[in-house]
Structures are given as structure tokens and as C-alpha cells.
Amino acid sequence: MEKQKGDIVERAIKAAWVEMEKHDPQQFQKLKERRSKKEGLNKAAREAAAEQIKLAPELAGTEEPQDIAERLMKHLSKDRVEMIKTGLQVPTYQLGISSKPDGTYTVDITRHGKEFMESLQLDTLASIEKVSGIQIASIIVEVLLFAIQVVGIKVAVSDQMISNTAKEIMQMISRSAMLMRAINELRKVACGLAPKPIAKAIFNLIDKCYKEGILWKILKSLCSNMSAWDWIITAVTVTAMIVAALATDGLALVAKIILALVSAYNFLQKLMKLDELDEHKKKIK
């Protein structure tokens, strides 16, 4: 058993370095030759992976948020548990659909109550697809901000960072059938409002971002205000957490997502908004 746990940890560390070499080869060459930095990255990856392994049996089989919180408190600090609870509350932007007297519909895109992107008309299939892409991008950003926060790292996101990241994701999802399947699965289970299936679907979306090779690209964009060292250690920690979660059937991470869903009303409303956009498509067809 101990050997199996050690194998998972080593696999998680190796996967983080592979991703670094792929997405930031300059930093990879620089850091692998600096012993203290390399040891620091390995330590962060090892701790993130070990946490998934340790918490998996503790959280297996529990779906009650209060029970999950109490079990987490045995192993994590109060601040860490609070970061998990609020992990799906980090806002990106909101879509508001309103009807006009002439029967047309307009979409306003706001952040913190202020205009964030230009308003769009829902008058063609192309415009609705564009708005859907904007909404999907915000969902993926918020899921990956959760992945950062769940490992105990807070990111201060600016309007420009959110805008740049959303644009990158919109290009990525247009080329990825895998990501769209993961989003559609999340939408499907969200209609039932049962926390565990939704949590599993969010875990699946995180997994697909990793397997599709876009995780580090998005993390780099979201962490653009960080120093090179801080963003690398963030990406390494998140990668190791995901790899270890996959190796333990996602037991700990899914439970943490269930806990976060308790106060994720706005996030869930984003999924409902995609259904509303689909209804507008039917009107045009």
C-alpha cells in the first residue's frame, strides 16, 4: 500500500515536470539545474499529491457537506477549508439577456456590475454561438480558479486577465470536441441539481483540461500578475493535485467540490443560461 502511494506521488511529480517542459521550456531548463528551486517544486507537488491520497479514504462515501467539512477540518486548517467552500464563488463576468419592445433580445456582459464586453444581439445563430462560447469560457475559468484555490493558493484576477483568458479559451473550445463533451455532460447533470453528479462532472472537466493540454496555458494566463516562480509553483501544485486525484478516483477532490457547490448559486446559473441560449437558437431555426 505504501509503495502504491509512493508511486502515485512520484507519478504526480513527474507529470508536473513534463507539463512544465512542454509549456515553459525556458523555465524548465532553468529550474531543473537549480537544486534548491527543483526541491521546492518537488516538495509542493509531493504535498499536493499526498493530500489527495490521505483524504481519499477519509472522504470516500460521504456526500453531506457538513460531514465533508468536519472531516476536512481534521487534516486542513480552517482557512484552507474556507477557501474550498468559497472556491466556486470567484466571479468572472455575468450574462444578462433582456428583451426589447421590437421583440429582439440583447445580451449584456458585466463584471462587478459594470460593462465588461460590448453588448450583443441574439439575432442570428452565429451571434448565439458566440455568446454561448463566451459563457462556456467563463465556466471553465471559474472551474480552474477553483482548482487553484482548492490547493490553498489565492489568485487576484483583474479585468484584463479575465478578458485575455476568456478569449484564449474560446479559441480552444472551438477546436476541442473533448472539452465540449465535458461541458455538455456538466450541463446535463446540472439540471438535476444533485451535488455529487455535478461534482463528478466538474472533476471530469478539470481532467479534460489537463488531458487536452490546455491546463497550463490557462493557468499561465490567470497567473500573469505573478512572478515566474509563483506561477510555476502554482501550475506544478495544481497538476500534481489533478494527477493524484485521477489515481484515487477523484474521491477527495469530488468531495471538496460538493462542499463548494453549497454556495455556488451563480456558477450553477451560468449552466442554466446555456440552456436559455439554446432556446433562442430554436426560435431562429
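**Close-up views of a predicted model**

Trp17 has a relative accessible area of 10% and is therefore buried. The views below are taken from a predicted model.

**View 1. Trp17 and Phe28 form an aromatic pair.** Three aromatic pairs are counted in the model. In the pair shown here, the ring centres of Trp17 and Phe28 are 5.8 Å apart and the planes stand at 70°, so the arrangement is edge-to-face.

**View 2. Tyr93 and Phe116 form a stacked pair.** The planes of these two rings lie at 20° and their centres are 5.4 Å apart, so the pair counts as stacked, the cut-off being under 30 degrees. Tyr93 is in the loop between α5 (78–85) and β1 (94–99), whereas Phe116 is in strand β3 (residues 114–121), so the pair ties together parts 23 residues apart in sequence. Tyr93 and Phe116 are both buried.

**View 3. Lysine side chains sit over aromatic rings.** Over the ring of Tyr93 is the charged end of Lys270, 5.4 Å from the ring centre. Lys37 lies over the face of Trp229, at 4.2 Å from the centre of that ring.

**View 4. Glu51 is a buried residue of helix α3.** Helix α3 spans residues 35–59 and includes Glu51. The relative accessibility of Glu51 is 13%; because buried means under 20%, this residue counts as buried. Leaving aside residues up to four places away in sequence, Glu51 touches Leu76, Arg80 and Lys256.

Key:
Residues numbered from 1 in each chain as written. Predicted model: local features only at pLDDT ≥ 70, side-chain atom pairs only at ≥ 80, totals over all residues. Heavy atoms only, no water. Helix = DSSP H or I, 4+ residues; strand = E, 2+ residues; numbered from the N terminus. Buried < 20%, exposed > 50% of the residue type's maximum accessible area, 1.4 Å probe, protein only. Contact = heavy atoms within 4.5 Å. Phe/Tyr/Trp six-rings, centres within 6.5 Å; stacked < 30°, edge-to-face > 60°. Lys NZ or Arg CZ within 6 Å of the ring centre and 35° of its normal.
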